Amino acid sequence: MRSPGAEAIAVREPALRKLLFITSELPFPALSGGKLKSLRLLEHLSSRFDVTIACPLKLEDGKHLADFERHFEGRLAAVMTEAVEVSRSPLNMVRSYVLGIPLNVLRTRAKALGDRIANAAQGTDIIYLDHYEVFQYAPREFSGPIVYHAHNAYHKLWARYGDASSNLPLRLAARYEAARVRTYEAKVCNASDIVYAAPRDIDALRPYCNAHVHWAETAHLGDDAQLTLDPLTWSKTEERLVYVGYLGWEANVLGLLWFLKHVWPKVRATHPSFQLDIVGKNPDERLKTAVARADNVRLLGFVADLEDVYRRSRLCIAPLTFGSGMKVKVLDAMARGIPVVTTPTGAESIDARHREHLLVCESAEAMARDIGEVLTDEALWSRLARNSRELIQTRYTWASVFSDMDRALADVISTERPTATLAVS
């Protein structure tokens, strides 16, 4: 006979809130800053909520769906996807004008996926919009909290793209698209209960939004596990520069083309022994041509383990001429302790100081000069390597980012929200 209290007492855990995470592409494999942030978010949110993910499948996403599901095996309630193939073409740009929506909203649209999301939303507590393009999937009748994660202030990116172009029709089209995206981004922010964005992106979005928008700072971070690796040593590195980034992204392509045309010849004129390795997937044809014409430059393509590349490289370059948001390629190199030479765009939203944490150059001449200096000055190299790692450790780890995001989200969840109708296009 059992004594009193000997029976095991079944304690029912409180049910997790249901969260519907809608993103613009499959965040796997995480080969870009945006995909890495989305993947890390999903991993974190799935430990706190009962998460269903919904997303269109673009380009090669379908090939990676099975691996994505294995990665999250048992941690997601459901995965809803639909193939979408809408290219960035003049015809589709015209279609987007007719429909009155930005081009990338059209490129993310799938009616069947929208119907499935509408059904899933009926039993959902929270909708999490990852990228502005997926606002179109938020059901009009949903009355729970809406969370918007702004990966960038995309209107600013379009505007800078137009400013960087010497082609007048393209420049005008980009500026017009910037205005359309700005209007759409404001609509998303105004309909959301909380907007997560990098500090500079908040500054860019705020003037076009209502005063009631609840802003919360976040960041796109890289691989902070780099901080656990032993520091690099000057004597074991080579007179070698490295660039790491997705080579099919226009901002990366144009930045590298500018570097190869205007900076690299100046570097080679005074330091002919210096080498440059370019690492990244899907290199643009223009970039292949430019590399073939350059001296001492190698296009390595995709590299699975960057440690071999990082270990022998003395300097990382991020020659971005336009873009917005925090740059993962810069944060990754800083976390590894590789000094970075970049532009004001590349250093945007990072609380780093010139010549203390990295080198920020506003001209080709300044960049060529600083590259030569940091590759030949061990004291400067060591100071930048040490200070950059310390900054990442102090300010830019995933644990700190998610802790801040959790507090902001908890405030929104606990606040009474009146029933609202979303103006979704």
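The following questions and answers concern a predicted model of one protein chain.

Visitor: On what basis are the features of this model reported?
Guide: This is a predicted model, in which local features need pLDDT of at least 70 and side-chain atom pairs count only at pLDDT 80 or more, while totals for chains, interfaces and linings use all residues. Residues are numbered from 1 along each chain as its sequence is written, and side-chain values use heavy atoms, with hydrogens and water left out.

Visitor: How many helices and strands does the protein chain have?
Guide: Helices (H or I, at least four residues) and strands (E, at least two) are DSSP runs, numbered from the N terminus. By this definition the secondary structure of the protein chain comes to 15 helices and 13 strands.

Visitor: What is the radius of gyration of the protein chain?
Guide: The radius of gyration is taken over C-alpha atoms, and the globule rule is 2.2 Å times the number of residues to the power 0.38. For 425 residues, a compact globule would have a value near 22 Å; the protein chain agrees with this, at 23 Å.

Visitor: What percentage of the residues of the protein chain count as buried?
Guide: Buried means under 20% relative accessible area, exposed means over 50%, and partly exposed lies in between (1.4 Å probe, protein chains only). Of the 425 residues of the protein chain, the buried share is 54%.

Visitor: Among contacts between residues at least 6 apart in sequence, what percentage join residues at least 24 apart?
Guide: Contact means heavy atoms within 4.5 Å. Among the contacts of the protein chain between residues at least 6 apart in sequence, the share that joins residues at least 24 apart is 72%.

Visitor: Which residue is joined to Pro29 by a cis peptide bond?
Guide: Most peptide bonds are trans. Pro29 lies in the loop between β1 (18–23) and α1 (33–45). With omega at about -10°, a cis peptide bond joins Pro29 to Phe28.

Visitor: Is Ser349 buried or exposed?
Guide: Ser349 lies in the loop between β12 (340–342) and β13 (359–360). Its phi is near 70°, a positive value in a residue other than glycine. Because its relative accessibility is 11%, Ser349 counts as buried.

Visitor: What is the relative accessibility of Arg355?
Guide: Arg355 is placed in the loop between β12 and β13, and its phi is near 70°, a positive value in a residue other than glycine. Arg355 counts as partly exposed because its relative accessibility is 29%.

Visitor: Which residue of β9 stands opposite Val244?
Guide: Strand β8 (residues 240–244) pairs with strand β9 (residues 275–279) in the parallel sense, over five bridges. The residue of β9 that stands opposite Val244 is Val279.

Visitor: How many residues of β1 are buried?
Guide: β1 pairs in the parallel sense with strand β2 (residues 50–57) over five bridges, and with β4 also over five bridges. β1 is largely enclosed by the rest of the structure because, of its six residues, the number buried is five.

Visitor: Which residues of β4 point the other way from Ile126, Tyr128 and Asp130?
Guide: In a regular strand the side chains alternate between the two faces of the sheet. Strand β4 (residues 126–130) is mostly covered, with five of its five residues buried. Ile126, Tyr128 and Asp130 point one way, and those that point the other way are Ile127 and Leu129.

Visitor: Which residues does Tyr154 touch, not counting those up to four places away in sequence?
Guide: Tyr154 is placed in helix α6 (residues 154–164), and it counts as buried because its relative accessibility is 12%. Not counting residues up to four places away in sequence, Tyr154 touches His131, Tyr132, Val181 and Glu185.

Notes: Pairing = 2+ DSSP bridges.
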